[in-house]
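The structure is shown first.

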Amino acid sequence: MAATILIVEDEFAVARGIQYALQQEGYEVTVARSGEEGLDFATHQAPDLVVLDVRLPGMDGFEVLRRLRATGSKAPVLVLTARDDEVDKVIGLELGADDYLTKPFGLRELMSRIKALLRRAYGDLADAAGGRVIRHLDLLIDLERRRVQRGQRRIALTATEFEILRHLASRPGRVYSRRELLELLRDYEALDQDEKTINVHVSHLREKIEDDPSLPVFVLTIRGAGYAFAER
Ligand code: CA
């Protein structure tokens with residue numbers, strides 16, 4: 001799955017140019033034309049990276065960034081500035097910008113900065129665009145390399161935990177019963193065929209990937225039915 005990028009910029013030509021260049025590289029791109037719209041999208045859709053112009057009608061880029069970080073978002077943000085005093089502000093205020101570029105800039109320069117930010121934030125999984133990588137918020141599941149990360153943090157799962165996560169995350173929203181999961185795992189490992197076995201593995205999986213295992217945001221319990229991976 002390609003990385004998703006949000007561009008917050010009111011100048012049509014600038015936004016369009018960046019959008020086109022990013023789409024050529026295979027990224028999924030959304031453009032927001034005001035600070036309010038950008039903040040709303042960034043908060044609810046959790047893009048992998050945000051390109052944020054400072055000068056926007058209404059809420060400016062600094063305020064968008066401040067509020068975005070206040071929600072706990074750790075998505076890399078590249079700020080577009082127009083003047084030196086804005087650069088000073090980006091650096092001086094420590095608002096949580098990851099990089100900045102001063103207008104006018106070349107698209108090639110922007111592209112290399114974006115790739116560097118994605119690599120820094122998501123490690124080598126960021127290069128797997130189009131490969132079998134599942135992302136949800138900051139959780140990354142590399143199906144081919146059987147690797148799991150939260151942001152930059154690698155998470156070690158047992159083979160059974162990985163298989164459960166792989167099945168669930170491959171079809172977000174699809175409910176799997178405990179019986180069904182046992183069937184799917186049967187060929188993989190000789191598990192105790194008691195359905196409660198699945199509960200134990202899911203609980204260990206949650207301990208490792210969820211911030212609060214009692215309030216899971218990735219592997220959800222569907223009462224009376226089983227488990228499902230959260231839909232984006
Ligand atoms: Ca602008």
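## Calcium site

In this predicted model, the calcium ion is coordinated by E9 (OE), D10 (OD), E11 (OE), D53 (OD) and R55 (O), at 2.1 to 2.9 Å. Donors are N, O and S atoms within 2.8 Å of the metal (3.2 Å for Na, K and Ca); water is not among the atoms, so sites may look incomplete. Along the chain the donors of the calcium ion have the spacing E-D-E-x41-D-x1-R.

E9 is buried, with a relative accessible area of 0%, while D10 is partly exposed at 32%. Buried means under 20% relative accessible area, exposed over 50%, and partly exposed in between (1.4 Å probe, protein chains only).

## Basis of the model

Residues are numbered from 1 along each chain as its sequence is written. The model is predicted, so local features need pLDDT of at least 70 and side-chain atom pairs count only at pLDDT 80 or more, whereas totals for chains, interfaces and linings use all residues; side-chain values use heavy atoms, with hydrogens and water left out.

## Helix 2

Helix 2 covers residues 35–45, and G35, G38, L39 and A42 in it are buried. Viewed down the axis of helix 2, these buried residues fall within an arc of 95°, so they line one face of the helix. The arc is that of the directions from the helix axis to the C-beta atoms. An α-helix has 3.6 residues a turn, so residues three or four places apart point the same way.

The buried residues of helix 2 pack against strand 1 (4–8), strand 2 (28–32) and helix 3 (61–70); contact means heavy atoms within 4.5 Å. After helix 2 comes A46, whose phi is positive, near 45°. Helices (H or I, at least four residues) and strands (E, at least two) are DSSP runs, numbered from the N terminus.

## Overall chain

The protein chain has 8 helices and 11 strands. Its C-alpha trace spans about 65 × 30 × 25 Å along the principal axes. Of the 232 residues of the protein chain, 47% count as buried.

Among contacts in the protein chain with a separation of 6 or more, 54% come from residues 24 or more positions apart.
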